Structure formats: structure tokens, C-alpha cells
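This briefing sets out how parts of the structure shown below are arranged. Please keep the sequence and the structure in view while reading.

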Amino acid sequence: MINRASGQDSLIVLTEGAIITALAMGLSYIPHSTGVSSVEFVYGLIPMSIYALRRGLKPGLMAGLVWGLLDMFLRGLGGGVLNPLQGFVEYPLAFGVVGLIGLGSVRVQRTIRNGKNALGLIIFYSAIGFLAKYFLHFIAGGIYWGSYAPKSMNPWIYSLVINGGSFIANMIMLIVLAILLNRIFKQLIIPKN
């Protein structure tokens, strides 16, 4: 016998994931350069962070994976994919690991339900997902994009500067938004079902 409530909950989680993935993909089309060569804000990381903290590790990983596939097919094939392995690492895998933020889902939700401030935990677990994403980009940058580094610069240092800069820029964006959204975390992160 099928548990109707469980099936309905799964459908809600799946629907939320589809909406968040579409939002993250849509945000990719907003200009996002910092003005520093290749250091970019990735606005979709914010809704993905909220979703992973709201729904947990597995839904977060799946939404990130789908976001990565969409980004690869809609934007990456125009020059961001050099070969199949690099494409896999920098799109489905790198975007998928953003879902690691969901590792903190239970702890963050418990903290919020207990009426305590979860800001530090949200930043910590988001940093895990962001760092995993940019670590994979760093590896791919050193291996595949090294020929684009300035001639006098080691490709690994170049990749570290670009991907480390993007990690820092996105963490600053997350911290600012987390501080601004601190009062409504309960509505954003605690599911009603």
C-alpha cells in the first residue's frame, strides 16, 4: 500500500527542486562579472543554498546536478566545454556538489526551531558547498584551462586566483544576503509539510 502523504511530500520536494533549478538557471543570464577577469557572481547559488538547507542533502545534490546539466547544455556548449571529461567535472559535478550544503539541513532547521540564530551555521554549510564547487573548477582550470593563463603565470596559480576569487565573491554575496534575510529564515528554510 502506498503512503499517500509520503508520495505527496515527494512531489512537493520535486516541484520545489524544479522551481529552484529553473530560478538558478534563469539567474545565470543576469550579467554577473565582478570586473576582474573571470571572477563571477553565481546568483543561483543563493536559491540552491536555501533549497538544500530546506530539503536536505539528496534533493540538494539532485537539484544541483540538474542545474549543472541545464547550464552545460544551454550555455556551456557555446565554448565552456573543451572535452567530455572537463564538461562533466565543471558542469554536472561542480554544480551538483553545491547540494553538500544540505549536510547542515537538520542542524540548521533544529537551531531555527529552537528560536536560536542559525546565521553562522548557514554560512558554514554554504561555504562547504561553495568550496566544493570552486575546488572542482580549480582542478579543471589547472588541467584544462591552463593555456589561457598569462604566459608568465603558472596555470595552477592562475586557476587558484580566478576560482578562489569567485569563491570569495560568492561567499561575500551569501553573507550579505544571509544577514539581510536573517529575520525570515524560518519561512525560507523550515518546510510546512
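Helices H6 and H7 pass each other in a right-handed crossing. The model in which this crossing is seen is a predicted one.

**Helices H6 and H7**

- The axes of H6 and H7 approach to within 9 Å and cross at roughly 160°. Because angles over 145 degrees count as roughly antiparallel, H6 is described as roughly antiparallel to H7.
- Sorted by class, the residues in the contact of H6 with H7 comprise 18 nonpolar and eight polar ones, with no charged residues.

**Helices H2 and H6**

- Helix H2 covers residues 45–55 and helix H6 covers residues 119–144; their axes come within 11 Å and cross at roughly 120°. This angle makes H2 oblique to H6.
- The crossing of H2 with H6 is right-handed.
- On the H2 side, the residues that meet H6 are Leu-45, Ser-49 and Leu-53, and their partners in H6 are Ile-122, Tyr-125, Ser-126, Phe-130, Lys-133 and Tyr-134. By class, this contact of H2 with H6 contains six nonpolar residues, two polar residues and one charged residue.

**Nonpolar cores**

- The largest nonpolar core has 37 residues, and within it Trp-67 and Val-108 touch the most other members.
- At least two residues of this core come from each of the helices H1 (4–27), H2, H3 (57–74), H4 (84–96), H5 (105–113), H6, H7 (155–181) and H8 (185–189). The greatest contribution is that of H6, which gives eight residues.
- When neighbours within four places in sequence are left aside, Val-108 is in contact with Leu-53, Ala-118, Leu-121, Ile-122, Tyr-125 and Ile-189.
- Another core, of six residues, lies apart from the largest one; Val-89, Ala-132, Leu-136 and Ala-140 are among its members.

**His-137 in H6**

- His-137 has its place in helix H6. The relative accessible area of His-137 is 8%, so this residue is buried, since buried means under 20%.
- Not counting residues up to four places away in sequence, His-137 touches Glu-90, Ala-94, Ser-159 and Asn-163.
- His-137 and Gln-86 are separated by 51 residues in sequence, while their C-alpha atoms are 9.4 Å apart in space.

**Ser-159 in H7**

- Ser-159 is located in helix H7. With a relative accessible area of 3%, Ser-159 is buried.
- Apart from its neighbours within four places in sequence, Ser-159 is in contact with His-137, Phe-138, Gly-141, Gly-142 and Gly-164.

**Gly-96 in H4**

- Gly-96 belongs to helix H4. Is Gly-96 buried or exposed? Gly-96 is buried, as its relative accessible area is 8%.
- Leaving aside neighbours within four places in sequence, the contacts of Gly-96 are Gly-60, Leu-61, Gly-64, Leu-65 and Tyr-91.
- From C-alpha to C-alpha, Gly-96 and Val-161 are 22 Å apart in space, and they are 65 residues apart in sequence.

Terms used. Residues are numbered from 1 along each chain as its sequence is written. This is a predicted model: local features need pLDDT of at least 70, side-chain atom pairs count only at pLDDT 80 or more; totals for chains, interfaces and linings use all residues. Side-chain values use heavy atoms; hydrogens and water are left out. Axes are lines fitted to C-alpha atoms, for helices over the stretch in contact, and angles run from 0 to 180 degrees between N-to-C directions. Helices (H or I, at least four residues) and strands (E, at least two) are DSSP runs, numbered from the N terminus. Angles under 35 degrees count as roughly parallel, over 145 as roughly antiparallel, 65 to 115 as roughly perpendicular and the rest as oblique. A crossing is left-handed if the near helix is turned anticlockwise from the far one by less than a right angle, and right-handed if clockwise. Contact means heavy atoms within 4.5 Å. Ala, Val, Leu, Ile, Met, Phe, Trp, Tyr, Cys and Pro count as nonpolar, Asp, Glu, Lys and Arg as charged, and the others, Gly among them, as polar. A nonpolar core is a set of buried Ala, Val, Leu, Ile, Met, Phe, Trp, Tyr and Cys residues joined through side-chain atoms within 4.5 Å. Buried means under 20% relative accessible area, exposed over 50%, partly exposed in between (1.4 Å probe, protein chains only).
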